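Visitor: Please walk me through this model, feature by feature. I would like the general idea each time, then the case at hand.

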Amino acid sequence: MTELTQYVYAFDKANEPIARAKDGDEFSFRTLDCYSGQVCTEEDIVGESFNFSRTNPATGPLYVEGAMPGDVLVVDVLSVEVAGTGGEILPNIGPLYDRCVDRTRILPVKDGKTELGGLSIPINPMIGVMGVAPAGEPIACGYAGKHGGNMDSKKLTAGSRVYLPVQVEGALLQMGDIHAVMGDCELCGTGLEIGGVITVRVSVLKGRKLDWPVIETADAWHVVSARKDYTTPPRRCRRSSAPPTASIPRTPICTCPLRATCASIKAASLALWKSCSASPCPSALISRCCKNSGRRALLWLSPRDCFSS
């Protein structure tokens, strides 16, 4: 199996493909951690001297033969393997940032677990960045949009299937930013950032309309819509077209990463509760869910400004 090892920092139709795939081919993408190896010890702090232009590297791009604008690229995630150590960095963002200090922790990963503060934590390796080249201007890998990008969804893991709207010939698939474990939408601004290897199978659905990326799991379709405000993405998801190969009933779920402070997270949650005319779920700030006309809607809230218009 071919392993890809070249990294880029933007989704760009001008990126030169490093390999070509046919329908049904399998490839491995060897990835760096989201800091491109700049954080190696607990003395390495993400501060003023840090090179933010080298964050969220994506491996690729992979040219998929037969993929044209108006088609859908299907990516089956076969496995996500992680390295032996990862970094947890606490930058000055998130709803509890005023109670934290900037620091770095280097954590071991062994036998499917990591350890923090004496606690043994099972890992759940997932992919933060996956997408295709946009038809317009380049989009940095730290941003999300219709092309995919920095979706930071815990659902994007081994066994999931991802549908991406093709915008340029060959699709130009890229991926990276693995987390050994991460909270919902990286609310505190970091997961256990780690390098690794992602193995996928690619295929093309010809002439199928798709508005936004969709992550398919065993029981749900997760429509990923990104915007700086918290009211637009749920409406977009509600109007979004169904996954192109939908044949097994699954629950439609909207995954909406948003930039928000602690106060606006509370406001967004309150607005969502009212719109769903249901009692609030438990008070965790990470996510809010509710039921409306028998359909489950899930809104993920993230504090990072990581989205394209």
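Visitor: Is Asp-111 buried or exposed?

Guide: Start with the cut-offs. Buried means under 20% relative accessible area, exposed over 50%, and partly exposed in between, with a 1.4 Å probe and protein chains only. Asp-111 counts as exposed, because its relative accessibility is 70%. Asp-111 sits in the loop between strand E9 (103-110) and strand E10 (113-116). Asp-111 also has a positive phi of about 55°, although it is not a glycine.

Visitor: What should I know about the model before going on?

Guide: It is a predicted model: local features need pLDDT of at least 70, side-chain atom pairs count only at pLDDT 80 or more, and totals for chains, interfaces and linings use all residues. Residues are numbered from 1 along each chain as its sequence is written, and side-chain values use heavy atoms, with hydrogens and water left out.

Visitor: Where is Asp-177 placed, and what is its phi?

Guide: Asp-177 is in strand E17 (residues 173-179). Its phi is positive, about 60°, and Asp-177 is not a glycine. Asp-177 is buried, with a relative accessible area of 2%.

Visitor: How many helices and strands does the protein chain have?

Guide: The assignments are DSSP runs: helices are H or I with at least four residues, strands are E with at least two, and both are numbered from the N terminus. The protein chain has two helices and 23 strands. It has 309 residues, and 52% of them count as buried.

Visitor: What about the surface and the contacts?

Guide: Accessible areas come from the Shrake-Rupley method with a 1.4 Å probe; for residues, only the protein chains shown count as cover. The accessible surface of the protein chain comes to about 13,900 Å². Carbon and sulfur atoms account for 51% of that surface. Contact means heavy atoms within 4.5 Å. Among contacts with a separation of 6 or more, 76% join residues 24 or more positions apart.

Visitor: How do I read a nonpolar core?

Guide: In soluble globular proteins, nonpolar side chains tend to be buried together. A nonpolar core here is a set of buried Ala, Val, Leu, Ile, Met, Phe, Trp, Tyr and Cys residues joined through side-chain atoms within 4.5 Å. The largest one has 35 residues. Those with the most contacts inside it are Phe-29, Leu-62, Leu-73, Val-75, Met-130 and Leu-173. Another core, of nine residues, lies apart from it; among them are Val-72, Tyr-163, Trp-212 and Val-223.

Visitor: Which residues is Leu-73 in contact with, leaving aside neighbours within four places in sequence?

Guide: The partners of Leu-73 include Val-64, Val-132, Val-162, Leu-164, Leu-173 and Val-204. Tyr-163 and Ser-203 are also among them.

Visitor: How many salt bridges are there?

Guide: A salt bridge is a side-chain nitrogen of Lys or Arg within 4 Å of a carboxyl oxygen of Asp or Glu. By this rule the count is seven. One of them joins Glu-65 and Arg-20, with the closest N and O atoms 3.5 Å apart. This pair links distant parts of the chain, 45 residues apart. Glu-65 is in the loop between strand E6 (58-64) and strand E7 (72-82), while Arg-20 is in strand E4 (residues 19-21). Glu-65 counts as partly exposed, at 33% relative accessibility.

Visitor: Which residues are linked in a network of salt bridges?

Guide: Glu-26, Asp-76, Arg-161 and Arg-201 are. Glu-26 meets Arg-201 at 3.2 Å, N to O. Glu-26 lies in strand E5 (residues 26-31) and Arg-201 in strand E18 (residues 196-205), so the pair ties together parts 175 residues apart in sequence. Arg-161 bridges to Asp-76, with the closest N and O atoms 2.7 Å apart. Arg-161 lies in strand E16 (residues 161-165) and Asp-76 in strand E7, so this pair ties together parts 85 residues apart. Arg-161 is partly exposed at 29%, whereas Asp-76 is buried at 12%.

Visitor: Which peptide bond is cis?

Guide: The bond from Gly-60 to Pro-61 is cis, with omega near 5°. Pro-61 is in strand E6. Tyr-63 lies in strand E6 too, and Tyr-63 is buried, with a relative accessible area of 12%.

Visitor: What does Tyr-63 touch, not counting residues up to four places away?

Guide: Its contacts include Pro-17, Arg-20, Ala-21, Glu-169 and Leu-172. The C-alpha atoms of Tyr-63 and Ala-21 are separated by 6.1 Å, and the two residues are 42 apart along the chain.
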